Amino acid sequence: MSVLPYLTAGWIMLVGVYGIVTSRDLIHAVVCLSVTQSGTYVLLLAIGYRSGATAPVFSDRPPPPAGGPVTDPVVQAMALTDIVVGATVTALLLALAVQVAKRRGTLDPDALRSLEP
Amino acid sequence: MTPRARVALFAFGAAGTAALYTAGTLDLPGFGGAWHPYADRAVRQAVAHGTPNAVASVTFDQRAFDTLGEEIILLAAAVAAVVLLRVLRREDEDTDGSHRHGPADVPDALRLVGHLLLPLTLTVGVYVVAHGHQSPGGGFQGGVILGTAVHLLYLAGDYPALRRLRPLPVFEAAEAVAAAAFVVLALAATGWAATGRVPALNGAVGVEVGCALTLLLGRFFEQALLVRPPAPPGGRTGRTGEAP
């Protein structure tokens, strides 16, 4: 089934969003956001895959067509961007969670409904 | 909103998203197919510009201005996290003398492995950055290796040594300089050959990512180890700083 990898990516994203919706802890929500984002890695790499292909690095073999097919370097570069931005956003959200815990003494989103304590 | 209503709303939205997403994927080119027009053009350009690693060529040559934007996002997020995590003056920071962070009571094997792996991992990080245009790797990947390598000292139980190894003000300055160097290089390098541009940008990114990671982890360590929790109403007892 040739769309199964794409559906897997969508499933990972929805599982992550479900985790955020039902989260009772901000750290857990941040991790769920990372899971949601992993779905985009799977989607990008699945789109760039080519059957029987290897990595798009030509330091030790000739480029195509002589050297056989390679996977799509464009989506791999996008996945790299995705990972970098995801990591920094995770760090930023964790910093926010640290300050919330310090000021409010709780990380439960339901207990943080109002802005003032 | 009650939890039950929230899950019901999510189920409604997720069902719609799943239906639209599935309908969208059915018309995508099949998984593993041979039709990749962008890949063919990107690989041709990478080879023509003399960069064997096509991913590095896309990141630092063909899409270098997009990477500039990504770089600014990285800098902004790192600066914001550092600002959020700064130790406020009214919070008590323990002085170094009152701390016992180590060498903590870790097994000798762990301590030995940590100290042995530190120079090895640093070398691997420099190699991955410096060789990023030819083999899998590059500034982002190598920078992460460099940034995590210094924390092997913490895993080896020697937090004071880690603090001496990475003075945070120096890393703050280095990160700003590396980010500025990337901007200047990206603007100046439009006329260069790609064989000079890609390694130069790789190096700047490697320094910046390594510094940003070290800085972020350092600030989180400060929060976890040095800052006392707010004083409880009964008196000032308890601190998180004690090594277990």
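A: Two residues are in contact if their C-beta atoms, placed from the backbone, lie within 7 Å. An instance here is Arg63(B), which, apart from neighbours within four places in sequence, is in contact with Ala77(A) and Val58(B). This is a predicted model, in which local features need pLDDT of at least 70, side-chain atom pairs count only at pLDDT 80 or more, and totals for chains, interfaces and linings use all residues. Residues are numbered from 1 along each chain as its sequence is written, while chains are lettered from A and ligands numbered from 1 in the order in which they are written.

Q: How many residues of chain A are in contact with chain B?

A: On the chain A side there are 41 such residues, and they are in contact with 43 residues of chain B. Helix H1 (4–21), helix H2 (26–48) and helix H3 (73–104) of chain A each provide at least two residues of this side. Helices (H or I, at least four residues) and strands (E, at least two) are DSSP runs, numbered from the N terminus. H3(A) gives the largest share of the side of chain A that touches chain B, with 16 residues.

Q: Which classes of residue make up the side of chain A that touches chain B?

A: Ala, Val, Leu, Ile, Met, Phe, Trp, Tyr, Cys and Pro count as nonpolar, Asp, Glu, Lys and Arg as charged, and the others, Gly among them, as polar. By this scheme, the side of chain A that touches chain B comprises 29 nonpolar, 10 polar and 2 charged residues.

Q: At what angle do H3(A) and helix H3 of chain B pack?

A: Axes are lines fitted to C-alpha atoms, for helices over the stretch in contact, and angles run from 0 to 180 degrees between N-to-C directions. H3(A) packs against helix H3 (residues 54–62) of chain B at an angle of about 65 degrees, and their axes are 8 Å apart. The crossing of these two helices, H3(A) and H3(B), is right-handed; a crossing has this hand if the near helix is turned clockwise from the far one by less than a right angle, and is left-handed if anticlockwise. On H3(A), Pro73(A), Val74(A), Gln76(A), Ala77(A) and Leu80(A) meet Ala54(B), Val55(B), Val58(B) and Thr59(B) of H3(B). This contact of H3(A) with H3(B) has 7 nonpolar, 2 polar and no charged residues.

Q: Is Leu74(B) buried or exposed?

A: A residue is buried if 20 or more other C-beta atoms lie within 10 Å of its own, exposed if 12 or fewer, and partly exposed in between, with C-beta atoms placed from the backbone. Leu74(B) is buried because 27 other C-beta atoms lie within 10 Å. Leu74(B) lies in helix H4 of chain B and, leaving aside its neighbours within four places in sequence, is in contact with Val84(A), Thr88(A) and Ala212(B). By contrast, Arg63(B) is partly exposed because 18 other C-beta atoms lie within 10 Å. Arg63(B) is found in the loop between H3 and helix H4 (64–84) of chain B. In chain A, Ile83(A) is also partly exposed, with 17 other C-beta atoms within 10 Å, and this residue lies in helix H3 of chain A. The C-alpha atoms of Ile83(A) and Ser38(A) are 8.5 Å apart, although the two residues are 45 residues apart along the chain.

Q: Which residues have the most contacts inside the largest nonpolar core?

A: A nonpolar core is a set of buried Ala, Val, Leu, Ile, Met, Phe, Trp, Tyr and Cys residues joined through C-beta atoms within 7 Å. The largest one has 69 residues, and Ala78(B), Ala81(B) and Ala212(B) have the most contacts inside it. Leaving aside neighbours within four places in sequence, Ala212(B) is in contact with Leu74(B), Ala78(B) and Glu175(B).

Q: How many helices and strands does chain B have?

A: Chain B has 10 helices and 0 strands. Of the 244 residues in chain B, 35% are buried. Among contacts in chain B with a separation of 6 or more, 72% are between residues 24 or more positions apart.

Q: Where does UniProt place the feature "transmembrane region" in chain B?

A: UniProt positions are given in the numbering used here, feature names are shortened, and annotations may be inferred rather than shown by experiment. For chain B, the unreviewed UniProt entry places "transmembrane region" at residues 72–88, 109–130, 142–161 and 173–194. Residues 109–130 of chain B are 100% helix and 0% strand, with their end C-alpha atoms 32 Å apart. For residues 142–161 of chain B, the end C-alpha atoms lie 23 Å apart, and the span is 75% helix and 0% strand. In chain A, the UniProt annotation "transmembrane region" (unreviewed entry) covers residues 6–27 and 78–98. Residues 78–98 of chain A form a span that is 100% helix and 0% strand, its end C-alpha atoms lying 30 Å apart.
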